[in-house]
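Please keep the sequence and the structure in view while reading.

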Amino acid sequence: FVTEDWIQVVFTNKPYNSIVDPDKGSLGDFLVTGYDVEFMPYGGAPVPVQPFSGSTSVLVPSGEAVPASVLIVPFAAKDVDPLLSLMYSNNEIMSRANITFHGHEVQTNNNISFEVYVSVNFADPLVTKADEKNLNP
């Protein structure tokens with residue numbers, strides 16, 4: 001049982017042309033300060049995790065790529081339906097997590113935000129109650 005689910009992300013800050021000087025502002029360093037997660041289930045399934053926000057502090061220098069981890073499923077979400085009902089069943093909830101990152105460009109303090117999407121499938125098909133009884137007689 002995984003208490004919380006985190007995913008690895010890589011923030012990349014690339015100047016896209018030689019005309020703009022990244023050290024002068026528009027494509028300079030940026031700081032990611034938070035994110036919002038909202039799940040969109042497929043096929044009429046229930047929403048697996050209620051929308052939530054998280055905080056972070058990731059400095060991404062101009063021309064660099066910086067790895068980070070973000071929480072995608074908090075522990076509290078696993079202790080309520082519909083995820084709780086997936087335990088010991090062969091049911092599955094397929095969904096897409098929409099993650100919106102927020103922060104600001106360091107040199108100008110201009111706000112930034114950008115979205116990413118990741119497929120997330122929720123299931124517990126590996127251990128049934130019968131399997132658990134066999135493992136713990």
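In this predicted model, ring pairs join Phe11, Phe30, Tyr35, Phe101 and Phe114 into a cluster. Across the whole structure, a search finds six aromatic pairs. One of them is formed by Phe11 and Phe114, and it is edge-to-face, with 6.0 Å from centre to centre and 80° between the planes.

**The pair Phe11 and Phe114**

- Phe11 belongs to strand E1 (residues 5–12) and Phe114 to strand E6 (residues 111–123), so this pair ties together parts that are 103 residues apart in sequence.
- Phe11 counts as buried because its relative accessibility is 5%, a value under the 20% limit.
- Phe114, with a relative accessible area of 27%, is partly exposed.

**The pair Phe39 and Phe122**

- The ring centres of Phe39 and Phe122 are 5.6 Å apart and the planes stand at 65°, so this pair is edge-to-face; the angle required is over 60 degrees.
- Phe39 lies in strand E2 and Phe122 in strand E6, so the pair ties together parts that are 83 residues apart in sequence.
- Phe39 and Phe122 are both buried.

- Met40 is located in strand E2, which covers residues 30–41.
- Met40 counts as partly exposed because its relative accessibility is 36%.
- With neighbours within four places in sequence left aside, Met40 is in contact with Ser95, Arg96 and Asn98.
- Met40 and Arg96 are 56 residues apart along the chain, and their C-alpha atoms are separated by 5.1 Å.

Definitions and conventions
Residues are numbered from 1 along each chain as its sequence is written. This is a predicted model: local features need pLDDT of at least 70, side-chain atom pairs count only at pLDDT 80 or more; totals for chains, interfaces and linings use all residues. Side-chain values use heavy atoms; hydrogens and water are left out. Helices (H or I, at least four residues) and strands (E, at least two) are DSSP runs, numbered from the N terminus. Buried means under 20% relative accessible area, exposed over 50%, partly exposed in between (1.4 Å probe, protein chains only). Contact means heavy atoms within 4.5 Å. Rings of Phe, Tyr and Trp (its six-membered ring) pair if their centres lie within 6.5 Å; planes under 30 degrees apart count as stacked, over 60 as edge-to-face and the rest as tilted.
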